[in-house]
Amino acid sequence: MSNKADTFLTQAEQDALVRCVQEAESTTSGEIVPVIAPMSYDYPRAGLIGSLVLGSLTAVALTLALGREDMWVFLLLFFALFLGFSRLFDAVPALKRPFLSKREMREEVAEAAFTAFHAHGLHNTRDKTGIILYVSVYERSVQILADKGINDLVNPLAWEEVVTLVTDGIRAGRPGEALCAGVRRCGEMLTERFPIKPDDTDELPNLIIESSN
């Protein structure tokens, strides 16, 4: 499977986003980390359901087209088609989308963002001021999570404004510009409560692009 996270932003947009993070962090002790992930989960159940549905319908159609009413012919065709469709769904994840609910994708993206937050060390900053801006390309979804130091002073619901800002920009075909705008807004919100310290250091990467599993 091609890694859509690699091509989600052009190299120029990646460079611009890193500069946006550096500029935002120049006034706050917060650590903002945009993470671009190709997919939050591989959704095997959607592949199974899709293979069962398409395998059954195609087997029925072929059985009728062959003029056979033999159950064994249907079963032979069904199992062959099921295996074929299963491999096709694995190779082309986009085909699973009609068999996925928005709720399922939303829950998987939230879990993946939480996992990425810890996997990339955002919970290990000196002042507990890490914040992840997580974009899952396949689900076209954005999540923002902040560490305890931030959550003690900023209502987590406040990040919904940034999520909407970034999501709208991505849907409009301006992912690089939208992410920069989201990073700047995070910086503004953090600077109010977490101004830059004299001994502040850049503790975390300013952009992470995850690879496909």
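Student: Is Arg 126 buried, partly exposed or exposed?

Tutor: This is a predicted model, where local features need pLDDT of at least 70, side-chain atom pairs count only at pLDDT 80 or more, and totals for chains, interfaces and linings use all residues. Residues are numbered from 1 along each chain as its sequence is written, and side-chain values use heavy atoms, without hydrogens and water. Buried means under 20% relative accessible area, exposed over 50%, and partly exposed in between (1.4 Å probe, protein chains only). The relative accessible area of Arg 126 is 43%, so the class is partly exposed.

Student: Which residue forms a salt bridge with Arg 126?

Tutor: A salt bridge is a side-chain nitrogen of Lys or Arg within 4 Å of a carboxyl oxygen of Asp or Glu. Here the closest N and O atoms are 2.9 Å apart, and the partner of Arg 126 is Asp 199.

Student: How many residues apart in sequence are the parts that this pair ties together?

Tutor: Asp 199 is in the loop between helix H8 (175-193) and strand E4 (208-209). Arg 126 is in the loop between H5 and strand E2 (130-136), so the parts tied together are separated in sequence by 73 residues. Helices (H or I, at least four residues) and strands (E, at least two) are DSSP runs, numbered from the N terminus.

Student: About how many helical turns separate Glu 107 and Arg 103?

Tutor: These two also form a salt bridge, with closest N and O atoms 3.1 Å apart. Glu 107 and Arg 103 are four residues apart in helix H5 (residues 102-119), so the separation is about one helical turn.
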